[in-house]
Amino acid sequence: AKMQSFSLLLLSLLALALSPNCGTAFVAPTFPASNAARRWGLDTRHPGPCLEVAGEGWRAARRRTSASVLGLRASEKDTSKTTSYGQSSTGVKAIVSGLTNLVNAVMQRGEDPSKLNRPERDGITEQELLEGIKGDYERRYLWTGDIDPYLYDYECVFTDPTLSFTGLETFQSNLANLRPFIDFLVQEDCAVEMYGCDLVPGEPRVKASWRMVGRLKVPWTPTIDLNGTTVFTYAPNKGNRIVDYQEVWETPPSEVLLQLLVPT
């Protein structure tokens, strides 16, 4: 869910940079897009995405966006502590939710979740669940969204401080629509450090603590450095699959958005 949020927050900055008074040219010639996506100016004729950007335009966009983000920062609740969905500013959540709907409408690469089949699946043990979650971290899923869907219930609720939605198919559809942007943004040196990942004694939960750090492939190469905790609640009566994914960050979302604006 996190890289979906980061991609959407960066798209909000791109929208500002693309405004007529910014002096910015945006060329991304390789997104494997639908006809609808061409309305975004995406062209599939060449094999590698690139951004041709007038530097002054990006700087102007970042200055305007920074001023807006500071306003969002002031509205967040109790930002001295870890930040959950309920503590995030309504402005940040509105940006991410609105852009999710827009990207899904324009890209149209993910399948309609309501039309997908749900085959029966055998249950898994708690140990298999734990090892599967650890494997997701090893594959840097916080950056790529590459989760093992076999670990999740079809009706799982996914929540991070900026976004909350229900359904494994919805997660997969959102990810498919954002995949061109994620592939473009994430560099090979983007890393995930797992500080701990364990079953919670006496509770149907796995708790993981982690850090993700890396630079993004946009012209000003911002660095994201974020610590957080994720609680995976599973249901023994549903084959020990995850029914609730709750992610908490040690940094308020508006501060993460400011990280996206700072050049490295």
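Q: What makes β1 and β2 a pair of strands, and how do they run?
A: Two strands pair if DSSP finds at least two bridges between them, and 4 bridges join strand β1 (residues 152-160) to β2 in an antiparallel arrangement; therefore they count as paired. Strands here are DSSP runs (E, at least two residues), numbered from the N terminus. With 2 residues between them, β1 and β2 form a hairpin. The model is predicted: local features need pLDDT of at least 70, side-chain atom pairs count only at pLDDT 80 or more, and totals for chains, interfaces and linings use all residues. Residues are numbered from 1 along each chain as its sequence is written, and side-chain values use heavy atoms, with hydrogens and water left out.

Q: Which residue of β2 is the bridge partner of Val157?
A: The partner is Thr166. Thr166 lies with Ser164 on the uncovered face of β2 (residues 163-166), whereas Leu163 and Phe165 form the covered face.

Q: Why is Cys156 called buried?
A: Buried means under 20% relative accessible area (exposed is over 50%, partly exposed in between; 1.4 Å probe, protein chains only). Cys156 has 0% relative accessibility, so Cys156 counts as buried.

Q: Which residues does Phe232 touch?
A: Contact means heavy atoms within 4.5 Å. Leaving aside residues up to four places away in sequence, the contacts of Phe232 include Ile133, Tyr137, Tyr152 and Asp244.
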